[in-house]
Amino acid sequence: MKILKKSLLTIIPFTLAAVFASTPVFAGDSTAGKAVYDGKGACAACHGATGAGDGVAAAALTPKPASFVTASFRFDTNGDGQPGSDSDIADVIKYGAAKYGGNVSMPGRADLSDEEVSNLVAYIHAMKQ
Ligand code: HEC
């Protein structure tokens, strides 16, 4: 019993640390993100209504727009070895893919507010199936 108590006391702080470490930096609202994705952002034209990378403009593009359904992200803008983190996605939206060695067909959207970008990030994560 004493051993169990001791090991619980050791495990709990680590568990809490892991939970906090994985908390996203941006706490976006995916419903608001959808409105930007479908509307002002015009993301759906290329990335598709469900995020599968199959928007009306996608056929004409090489490389193809990223699919958010498979969540196979390639850009690692903060160089932490994990593409597709919130800040990586936000950077590509704000500054465009070309800045990070990608294609100019993914335009930077400096006109979107930080709030709109973090809402888009939340919606992009929500499209994963
Ligand atoms: C004109 C077409 C087009 C539009 C509009 C567009 N994208 Fe893209 N997007 C692309 C293409 C093409 C790529 C892939 C670029 C590459 O791999 O070099 C891409 C890549 C991305 C990525 C990178 C994913 C990864 O692999 O890490 C994100 C995130 C993204 N787009 C989000 C958005 C959002 C959000 C919007 C709307 C604000 C948007 N895009 C609008 C074409 C577009």
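1. The buried residues of helix H5 pack against helix H2 (30-38) and helix H4 (86-95), where contact requires C-beta atoms, placed from the backbone, to lie within 7 Å. The model is predicted, so local features need pLDDT of at least 70 and side-chain atom pairs count only at pLDDT 80 or more, while totals for chains, interfaces and linings use all residues. Residues are numbered from 1 along each chain as its sequence is written.

2. Among the buried residues of H5 are Glu116, Val117, Leu120, Tyr123 and Ile124; buried stands for 20 or more other C-beta atoms within 10 Å of the residue's own, exposed for 12 or fewer, and partly exposed for values in between. The end C-alpha atoms of H5 (residues 114-126) are 18 Å apart, which agrees with the 18 Å that its 13 residues should span at 1.5 Å a residue, the expected span being 1.5 Å times one less than the number of residues.

3. The ligand is surrounded by 26 residues, and the closest are Gly41, Cys43, Cys46, Gly102 and Met106. Helix H3 (44-47) and H4 are the elements that give two or more residues to this shell. By class, the shell holds 18 nonpolar, six polar and two charged residues.

4. Ala42 is partly exposed, with 15 other C-beta atoms within 10 Å.

Note on methods
Helix = DSSP H or I, 4+ residues; strand = E, 2+ residues; numbered from the N terminus. Contact = placed C-beta atoms within 7 Å. Near = placed C-beta within 6 Å. Nonpolar A, V, L, I, M, F, W, Y, C, P; charged D, E, K, R; others polar.
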